[in-house]
Amino acid sequence: MAGVTMRPLSRSVLATPVSRMRPTHFTRPQCLNTILDLRCSSISSTPALPYSQTRYSSYSSPDPAPKTPKRKKVTLQTLRNLYKKGEPISMITAYDYPSAHVADTAGVDTVLVGDSLGMVVLGLDNTVEVNMEDMIMHSRSVVRGAKSAFIITDLPMGSYEVSPEQAVKSCIRLVKEGRVHAVKIEGGAELAPTIKQITQAGIPVCGHIGLTPQRQNALGGFCVQGKTCKNALKLLDDALAMQEAGVFMFVLEAMPAEVATLITQKLSVPTIGIGAGNGCSGQVLVQVDMTGNFEPGRFVPKFVKKYADVWGEALRGIQQYHAEVKSRAFPEVEHTYPISKEELAKFEQAVDEMYKKS
């Protein structure tokens, strides 16, 4: 209620049985409004603060996290400068506001809104069912969470293969509606004309070669690429053709480190490896894989290194919460909102009179 001055509840009130505080059968007599108006007339009419400012105003965290210094916005030129200096580029996936916010706060250079969200967020078996609406919605959430990182989003399967014109329209939607800075496209030399039209429209394109999950049916599954001379040369040819068409960066996925290193050396734009060794210009991992968001035993690719145990911490916390709810140990006094003794007494008297008259 607007303007209420909050003070701690008395111990007698906190000890009141629930059955006494909430009648089993409640009927609203006609005199209710009149009684409450009379009993609450002394409450101040000071305008209420916005909900976002009052929700947690009664208490604060005992150990607030230190604020992270604001950093400069990462741009296309920033990435080019990192590449020229030989400084590795960090990339990580994010799919919503919380995952984008933590990635940005951690200082990563680039955030990828991957269509892998189909598997790790939506629970699908692969990425092929992800559509433009999914990518736009998740991209908008990520942009709100990552204020400094350079944000790239995947063109989902079915949004670019029909024609270059279809691809340009899809990219324009991702930039205008999804608010991202660049798009990523899976494929090879056959997409050079498409990439050229997208870049001519003023939209930066990141290429993706090697294991391309959208084409996993044609590849025979999620298989390592470039393990033969012929296949490795095809990857290099694809990279050179896409670079000529205008890509500013590549993702190299699931290929021998030596192949990825040689391809990187022959290109004049940075490469981001995922299961492609340390010879690339940078690295990317799926965030929920590397932070351990799922239960032990769930499949993760060989190239994933687990840096945290989100599943274990979340499970522990939720189990404790569940137990405390069952035992009525939660919520404690500090997690409730107080009311003054005077106003509580008025409220109790008003309720008693209300039931007497009913």
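This is a predicted model: local features need pLDDT of at least 70, side-chain atom pairs count only at pLDDT 80 or more; totals for chains, interfaces and linings use all residues.
Glu-343 is a buried residue, with a relative accessible area of 17%. The cut-off for calling a residue buried is under 20% relative accessible area, so Glu-343, at 17%, falls on the buried side. Its partner is Lys-346: the two form a salt bridge, and their closest N and O atoms sit 3.5 Å apart. If you look along helix 16, which covers residues 341-357, you'll find both of them there, 3 residues apart, so about one helical turn separates them. Lys-346 has a relative accessible area of 26%, which makes it partly exposed. Elsewhere, salt bridges with shared partners link Glu-133, Arg-173 and Glu-177 into one network.

What lets such pairs form? Side chains of opposite charge can pair when their charged atoms come close. The model has 9 salt bridges by the rule used here.

Another one sits in helix 12, residues 229-245, where Asp-238 and Lys-234 are 4 residues apart, about one turn of the helix. Their side chains meet in a salt bridge at 2.8 Å, N to O. Are these two partners buried or exposed? Asp-238 is at 7% relative accessibility, so it counts as buried. Lys-234, at 41%, counts as partly exposed.

The side chains of Lys-184 and Asp-154 meet at 2.6 Å, N to O. Lys-184 belongs to strand 4 (residues 182-186) and Asp-154 to strand 3 (residues 150-154), so this pair ties together parts that are 30 residues apart in sequence. Both Lys-184 and Asp-154 are buried. Strands 3 and 4 run parallel, and 3 bridges join them.

How many of its residues are buried? The count is 5 of 5, so the strand is mostly covered. Look at which way they point: Ala-182, Lys-184 and Glu-186 face one way, while Val-183 and Ile-185 face the other, and all are buried.

Strand 4 has a partner in strand 5 too. Strand 5 spans residues 205-210, runs parallel to strand 4, and is joined to it by 4 bridges. In this pairing, Val-183 stands opposite Val-205 in strand 5.

How does the chain get from strand to strand? Going from strand 4 to strand 5, it crosses through helix 10 (residues 192-200), and this β-α-β crossover is right-handed. Going back a step, strand 3, helix 9 (residues 164-176) and strand 4 also make a β-α-β unit, and that unit is right-handed. Strand 4 therefore takes part in both arrangements, with helix 9 in one and helix 10 in the other.

Finally, head for the surface. Ile-318, Tyr-321, Val-325 and Phe-330 make a nonpolar surface patch of about 380 Å².

Terms used:
Residues are numbered from 1 along each chain as its sequence is written. Side-chain values use heavy atoms; hydrogens and water are left out. Patches are made of residues with over 30% relative accessible area and no salt bridge: like charges are joined within 9 Å, nonpolar side chains (Val, Leu, Ile, Met, Phe, Trp, Tyr) within 5 Å. Accessible areas come from the Shrake-Rupley method with a 1.4 Å probe; for residues, only the protein chains shown count as cover. A salt bridge is a side-chain nitrogen of Lys or Arg within 4 Å of a carboxyl oxygen of Asp or Glu. Helices (H or I, at least four residues) and strands (E, at least two) are DSSP runs, numbered from the N terminus. Buried means under 20% relative accessible area, exposed over 50%, partly exposed in between (1.4 Å probe, protein chains only). Two strands pair if DSSP finds at least two bridges between them. A crossover is right-handed if, with the strands pointing away from the viewer, the path from the first strand over the helix to the second runs clockwise.
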